[in-house]
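Open the structure in your viewer and keep the sequence panel beside it. This tour tells you what to select at each stop and what you will find there.

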Amino acid sequence: MNFFRMRYGIWFFSWGIALFVSCKEIDTKAKSLDYQTAKPNLLYIFPDQLRNAAIGINGEDPVYTPNLNQLAKEGILLSHAIASFPLCSPSRAMLMTGKVPYNNSVLSNANSRRFKFNNSWQRDDISFSDVLVNNGYDAGYVGKLHLTSPPPIAGKDSVIWDAYTPKEDRHGFNFWYSYGTFDEHNNPHYWVNDAKENELTYVDEWSPKHEADVIIDYIKNQKNTLRNNQKPFALFWSVNPPHPPYQYVPEKYLEPYKDKTLDELLVRKNVNLETDAEELRFHNGATRGRANLAKEQVRNYFAMVRGVDEQIGRVLKALKEQGLNENTIVVISSDHGEMMGSHGLMSKNIWFEESVNVPFILRWPVKIQGGQKSDILLSTPDIMPTLLNMMGAVDGMPRDIDGQDLSEQLLTGKGKKPEFALYYFIEEGRPESGHRGIRTAKNTYVVTIDDEDQIRKFLYDNVNDPYQKTNLVGMNFKIEQKLHHELLKALKEKKDPWLKYYSSLEAVAIKK
Ligand code: CA
């Protein structure tokens, strides 16, 4: 009897193991099948003012970004992602609407002075998050928004930057932990979900650390109250650092930079801290006369980059721990870069690479093989249609967007790649004003119109002169003509009001 029981015991035990193993296999196969059909999550992270050179794996700035480097190794790393209008609100509005500035009303940075120009994210513009929600997504927004120009206060001249965004202007985002513009990085504040305008949440912590905690909770969603676990999620995280004021950074992140000399930190060959960049005086967007600030700010900027990388690393770890790594698209980008003394300038809002070339890292383990690099020219308005198509979330996508879908090119490496990215600078309230430019694989070519209607042209050979030290206008007529023609053709196709204005000025110049 004992023998009988033992024999059958072993028999059942073996079958039990076999069954367990095969169930496991089925489970794994089912999971991978799920991944083929299930809609992916999206985690779109865009630290403010993070230039592409400040991603360690690119081997340019002396920065420490181990988490971003690892992400790039596991995904695809773009070298030529271009912030089409390298300024906060216009760049963010292009990301959200897929439209160029004169088609989405955000021509300049949002603040109370521009309330009269309606310089805000338009309720009627069906946006990135509206389409996501329409396709069954749970959508969340954490951090800085800067897309609303608040009304001025009667009798007060001071410019108001921060703004409350009422629910009806949140374009479907149902998890909301955000503010307009507020740069006290050590004492941030937020409007959380249902909070009314006078119900701010004040926090006594470095904003990237605090927001990472919020997002880790969102990812874990332990009580099932932060998002709907039955739906895929799309979370946008707009980290304010590495945006000024640069001194608001935890001391611990400064360690690697403390003893480095300026020459070891400001390694770009176009850094010039002594010039006033007089030749750019005509450009209202250029931050001139402050390049000497780079001496004290560069350490803090890189420290911020290090701190932001660490906080992103914590979020990515949580994603992995929750088993969401495989089918979540993680993107790292920025709204624009930072000049940090290059060409004698600080800040952004100019056509130079330090300002327009932003990071773009995309990881999606089930669909994209790691370790890839691409030099595709991705412009800001392309991001929305590209990601939505990649995610198969296209129901209700507006037909009048300006960006193009580059998902096939990124997923397969095949398909026609864009030949250029456009560059914009526009004055408040005047869609026809400012600069237009074109960034091809080889050149940057820009035509500017200043306040006195004077036209200037700038041409750089980015391959032979990567630091754009020599303006080649007047030196190579053939290339100049070709780029000029390409620029005007592209603007004509996009019905840019600048073109008519520019043509009228040219006609006057010819008559003279
Ligand atoms: Ca910005």
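The stops below go from the domains to the ion site and then to some details of the backbone. Keep in mind that this is a predicted model.

**Stop 1: where the domains touch.** How many residues of domain 1 are in contact with domain 2? There are 29, and they meet 28 residues of domain 2. The two domains bury about 2700 Å² between them, and 62% of that area is on carbon and sulfur atoms.

**Stop 2: polar links across the interface.** Show the side chains of arginine 113 and glutamate 428. They meet in a salt bridge, with N to O at 3.3 Å. Between domain 1 and domain 2 the count is 3 salt bridges. The interface also has 12 residue pairs in polar contact, counting pairs with both residues at pLDDT 80 or more. Next, select 101–104 and 353–356. These are helix 4 and helix 9, the elements that give two or more residues to the side of domain 1 that touches domain 2. By class, that side has 14 nonpolar, 9 polar and 6 charged residues.

**Stop 3: the calcium ion.** Which residues supply its protein donors? They are Asp48, with two OD entries, Cys88 through SG, Asp335 through OD and His336 through NE2. These donors lie 2.2 to 2.8 Å from the ion. Along the sequence, the donor residues follow the spacing D-x39-C-x246-D-H. Aspartate 48 and cysteine 88 link distant parts of the chain, 40 residues apart. Aspartate 48 is in the loop between strand 1 (41–45) and helix 2 (66–73), while cysteine 88 is in helix 3 (residues 88–97).

Stop 4: A search of the whole structure finds 31 salt bridges.

**Stop 5: cis peptide bonds.** Move to the loop between strand 8 (233–238) and helix 7 (262–265), where proline 242 is found. Proline 241 and proline 242 are joined by a cis peptide bond with omega of about 10°. Proline 245 is in the loop between strand 8 and helix 7 too. The peptide bond from proline 244 to proline 245 is cis, and its omega is near 0°.

**Stop 6: a positive phi.** Finally, select asparagine 193, in the loop between strand 6 (189–192) and strand 7 (201–202). Is phi positive or negative here? Phi of asparagine 193 is near 45°, a positive value in a residue other than glycine.

Definitions and conventions. Residues numbered from 1 in each chain as written. Predicted model: local features only at pLDDT ≥ 70, side-chain atom pairs only at ≥ 80, totals over all residues. Heavy atoms only, no water. Contact = heavy atoms within 4.5 Å. Buried area = accessible area lost by both parts, 1.4 Å probe. Salt bridge = Lys/Arg side-chain N within 4 Å of Asp/Glu carboxyl O. Polar contact = N/O pair within 3.5 Å; in protein donor to acceptor, adjacent residues only side chain to side chain. Helix = DSSP H or I, 4+ residues; strand = E, 2+ residues; numbered from the N terminus. Nonpolar A, V, L, I, M, F, W, Y, C, P; charged D, E, K, R; others polar. Donors = N, O, S within 2.8 Å, 3.2 Å for Na, K, Ca; no water.
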